[in-house]
Amino acid sequence: MTVGIRLRGVGRTYALPNGSIRAVDGLSLTVDPGAFVTVVGRSGCGKTTLLRLVSGLEEPTEGAVEFLRDGRRVERGDAGVGIVFQEPRLMPWLTVAQNVRFALEGRSDREQIERKTSETLRMLGLERFRDAYPQHLSGGMAQRVALGRTLVFDPEIVLMDEPFGALDYFTRRKLRRDIRALHAQTGKTFVLVTHDVDEALTLGRTVIVLEAGRIADIVPVPFETAVESDDPVFIPLRRRILRAITGEDSFAPDISHYQEAGVNASH
Amino acid sequence: MPGEDSASIRNLRPCRKEHVGYACDGRSSAHPLFSGMLFPVLALLFWWIGSRLGLWNAFLLPSPEAVIGAAWKLTLNGQLPAGILSSTLRIVAGFGASCALALPLGVLLGLRPAWGRLFYPTLEFLRHVPPLALLPLLILWFGIGEGSKMVVILLATFFPVFLNTLDGVRRCDAGLIEVGRSLNLTGTQRFRRIIFPSALPSILTGLRLGLGYSWRALIGAELIAASSGLGYMIHDAESLSRSDVIVVGILALGLIGGMSDHLFFRLARAAAPWKGASVRRDGWD
């Protein structure tokens, strides 16, 4: 049974030499089990801090992060929370297969580790590269290995911190599709943080817009099938997100010419 | 240039197992051992011809034949093997003691930088004192026997091992340590599975430098005060005006030093295959 996340008045303040900064400011929010939520906002809006608080890499200065299975609270360790960072962060002394099974070593028997590693490599199309070292991988492949290292221990919640940030357009596009397929296939709870509004819209079924550590808007994305980010259906959503962050309304182009061309903006 | 591109593409060939699916530059040179033997062979030839033609006084530089003869004699009467054994045992003991001190201290101060404040002034002072300058005092304290030699080697090798270990541990990517935390590894597991392997190439470089320094320091110490070892053999030959034995000692030192270094390099490459090449910082091959 998949696990959901509940934030209750979560805040995180950092002490600075000349005062303090409030990165996350009293967030309350529930992520349903099996949801795919994207968190979008500009740099410094607190989105990475939010993810680190959920992953347990940082503790909130106030409030609480809770994990719910069947409506009941479970510990983070029991919930199984995996995180994929912006950089692949692979161990350079380990091969692809060894990196993927890094989390399993010493926690399962050898046979099970091998089976899970092979399954994960197959799922991510990395079988051919199982004996390669990270230095010989392209950025996209390295990020897939990092994803594999997280998925291999079967976490109920997968957190991703701008995992495509350093990748080229084509690789990003390919990985976006892979991630959506993976979510559909596994039914796990996915939370992905990004500064890219298009990425947030094409991946998430719900987009949380963060500004100055607070939720500026929660935007449902009511399209079940994968659509490209240039699809006109996104224009009003994109405009709404921009308005929530900046208060401006000039982000979206004038859509009248789409309508003139017979394209209906309401999906 | 297009011509260059196509030439470099033609030169690509599949690489070893760890390069699966990739290609690397196939241009290869002769085995380093062969190309590296060019100058020694030329020097030997020059030495031999010069000796034959009497270009220099045979007392100042004996002929290759005389040196080979002396080496054979010293081998047969056991002096050379005994000298090598005696020096090697001192290296093993002194370098071993140095590693036993420098490795844990380097790891400790690498993990707990704040503790370094306690040690750094003392270590900085010791680092700038050449071990051989301490030898007269060391002989007074530890005698002319093995103790003083061991301390000289320890002092000479401590810093390369310590500083490289410290540096390796400190430089461990914080992002990798965070991966360990995100996977709920304990502190010990993070050290064993992330920090130590990450620091290993640097530690191996320190050990390799230390090994080289240990030979230099030992021979210095043996030249000043010893009753056995290769340094003693050279010193003894000097007082007997046996320049052929001195050359034998020098050649033996170079060969043993080079061999132990090469052996260590092979071990390092096996221990850290992903970065083994960088252990060899001097870029000899």
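## A salt bridge and its interface

Arg52(A) and Glu178(B) form a salt bridge, with their closest N and O atoms 2.6 Å apart. The model is predicted. Across the interface of chain A and chain B, the rule finds two salt bridges. Polar contacts between chain A and chain B come to seven residue pairs, counting pairs with both residues at pLDDT 80 or more. On the side of chain A that touches chain B, β6 (81–84) and α5 (139–151) each supply at least two residues. By class, that side of chain A has 16 nonpolar, four polar and seven charged residues.

**Extent of the interface**

The size of an interface is often given as the accessible area lost when the parts come together. Between chain A and chain B, the buried area is about 2200 Å². Carbon and sulfur atoms give 62% of that area. Three residues of chain A lose the most area to chain B: Trp93(A), Phe102(A) and His136(A). Together they account for 30% of what the chain A side buries. The residues in contact divide between the chains as follows.

| Chain | Residues in the contact |
|---|---|
| Chain A | 27 residues |
| Chain B | 21 residues |

**Chain A as a whole**

Chain A has 267 residues, and 53% of them count as buried. Its secondary structure comprises nine helices and ten strands. Take the contacts in chain A between residues at least 6 apart in sequence: 67% of these join residues at least 24 apart. Chain A exposes about 12300 Å².

Lys47(A) is found in helix α1 of chain A, which covers residues 47–55. Is Lys47(A) buried or exposed? Its relative accessible area is 4%, so Lys47(A) is buried; the cut-off for buried is under 20%. A polar atom of the Lys47(A) side chain lies 3.4 Å from the backbone oxygen of Arg42(A).

Which residues is Lys47(A) in contact with, leaving aside its neighbours within four places in sequence? Val39(A), Val40(A), Gly41(A) and Arg42(A) are among them. Glu162(A) is another. The list also includes Val193(A), Thr194(A) and His195(A), along with Leu210(A).

Conventions:
Residues numbered from 1 in each chain as written. Chains lettered and ligands numbered in written order. Predicted model: local features only at pLDDT ≥ 70, side-chain atom pairs only at ≥ 80, totals over all residues. Heavy atoms only, no water. Helix = DSSP H or I, 4+ residues; strand = E, 2+ residues; numbered from the N terminus. Buried < 20%, exposed > 50% of the residue type's maximum accessible area, 1.4 Å probe, protein only. Contact = heavy atoms within 4.5 Å. Areas by Shrake-Rupley, 256 points an atom, 1.4 Å probe, with all protein chains shown as cover. Buried area = accessible area lost by both parts, 1.4 Å probe. Salt bridge = Lys/Arg side-chain N within 4 Å of Asp/Glu carboxyl O. Polar contact = N/O pair within 3.5 Å; in protein donor to acceptor, adjacent residues only side chain to side chain. Nonpolar A, V, L, I, M, F, W, Y, C, P; charged D, E, K, R; others polar.
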